[in-house]
Amino acid sequence: HAKSQGANRYLFFNDSMNKLAVKRLQLENLIRHGLKEDYFAVYYQPKMDIVSGQLVGMEALVRFITPKGGIVSPASFIPVAEETGQIIEIGEVVLRKACLAVKGWIDQGLFQGRVAVNLSSRQFSLPYLCELIDDTLQQAELPSYHLELEITEGTVMQSPPQAIETMKKLRARGIHLAMDDFGTGYSSLAYLKQFPLNTLKIDKAFIDDMNTARGRNMVDTIMTIAHNLSLSVVAEGVEQEEQLAMLRKLRCDVIQGYYYSKPLSDSEFTQFLQEQKARRIKLSAVPV
Ligand code: C2E
Ligand code: MG
Ligand code: MG
Ligand code: MG
């Protein structure tokens, strides 16, 4: 046993393991510092109706803004935050900021839809999750039907009966539920129909594969399953016109991706909403 060998215990850690552990510790400290100093910001990516081309909602995506103004993507810190449990506090910050931002856009007459917030497994299984959400919505004075939560297959499959119960409580509040990254985890079809979901989000990996017949068939199949379960379908990571055209043919409902817009900062998103509004006014002013 490593401990019983005293000073020799370090033999068990080779160089690369050490570096990894140090990096993780540094990240953990950085996250703690960031939470204290309010370095976590929320970016927003538009979700567009595939038929009308109109904005239907947006996804809130966390960013770490360094003191020098650099932007750190969640891919690098979320895995560590999940392990340390810091994701719970980060998630609370994102939820609060997203609700406040959307409340502002609604009050300015710029928006009427839903904001989607990602929930980690750890957040989803918090016994006080519903209370936390109720309190946050109340403090932001945001009606619950403006909120959507994105959860992954891994989250709901940890304990399906419990997940169904939590999901029902959220749905009873008028909150919409989306299954994120669909197709990348393992979820059984038997359960899929029991989960009280509103939306399926097809992972970008499947959209990327649409340049092959096999890939297109796959997306077609997912789309059929979703629609048979009365779920709306969001395609994630749409970048090209051709993908959009194929998804339209397959009767996808909503698209999200760089084709329309990258995730935008609070002020950039306000501008995006203002442009959308100007376009709507222009369209409705066309004489008939
Ligand atoms: P996700 O929830 O599946 O979010 C979609 C990701 O795809 C985002 O990456 C978004 O920027 C990216 N994306 C969207 N359209 C395109 C596209 O056309 N091309 C490409 N290449 N990428 C596109 P992001 O913001 O880096 O987030 C990565 C993941 O981190 C998210 O995946 C989600 O799982 C997690 N995450 C982000 N914010 C939060 C949060 O507040 N809480 C939790 N628990 N997880 C979060
Ligand atoms: Mg998501
Ligand atoms: Mg996703
Ligand atoms: Mg994803």
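Tutor: Helices (DSSP runs of H or I, at least four residues) and strands (DSSP runs of E, at least two) are numbered from the N terminus. This is a predicted model in which local features need pLDDT of at least 70 and side-chain atom pairs count only at pLDDT 80 or more, while totals for chains, interfaces and linings use all residues. Residues are numbered from 1 along each chain as its sequence is written, chains are lettered from A and ligands numbered from 1 in the order in which they are written, and side-chain values use heavy atoms, leaving out hydrogens and water.

Student: Which element gives the most residues to the lining of the largest pocket?

Tutor: A pocket, on a 1 Å grid over the protein atoms alone, is an open set of points where a 1.4 Å probe fits, with protein on both sides within 12 Å along at least five of seven lines; lining residues have an atom within 4 Å of a point. The largest pocket has 36 lining residues, with E59, L61, P74, N118 and D180 nearest its centre. At least two lining residues each come from β2, α2, α3, β4 (114-118), α4 (121-124), β5 (147-152) and β6. With 5 residues, the top contributor is β2.

Student: Which residue has a side-chain N or O atom 2.8 Å from an oxygen atom of ligand 1?

Tutor: Let's go through the polar contacts (pairs of N or O atoms within 3.5 Å). For N118, a polar side-chain atom is 3.0 Å from a ligand 1 oxygen, and for E59 the distance is 2.9 Å. The residue at 2.8 Å is R63.

Student: How many residues does β2 give to the shell around ligand 1?

Tutor: The shell holds 21 residues (each with a heavy atom within 4 Å), and E59, R63, D180, E239 and Y258 come nearest. β2, the strand at 55-65, is the source of the largest share: 4 residues.

Student: How many charged residues are in the shell around ligand 1?

Tutor: Here Ala, Val, Leu, Ile, Met, Phe, Trp, Tyr, Cys and Pro count as nonpolar, Asp, Glu, Lys and Arg as charged, and the others as polar. The shell has 9 nonpolar and 5 polar residues, and its charged residues number 7.

Student: And the second largest pocket: which element supplies the largest share of its lining?

Tutor: Its 16 lining residues include F124, S125, Q162, A163 and T166, which lie nearest the centre. By class there are 6 nonpolar, 7 polar and 3 charged residues. α4, α5 (129-140) and α7 (160-172) supply at least two each, and the largest share, 5 residues, belongs to α7.

Terms used
A polar contact is a pair of N or O atoms within 3.5 Å; within protein, one must be able to donate a hydrogen and the other to accept it, and residues adjacent in sequence count only if both atoms are side-chain atoms.
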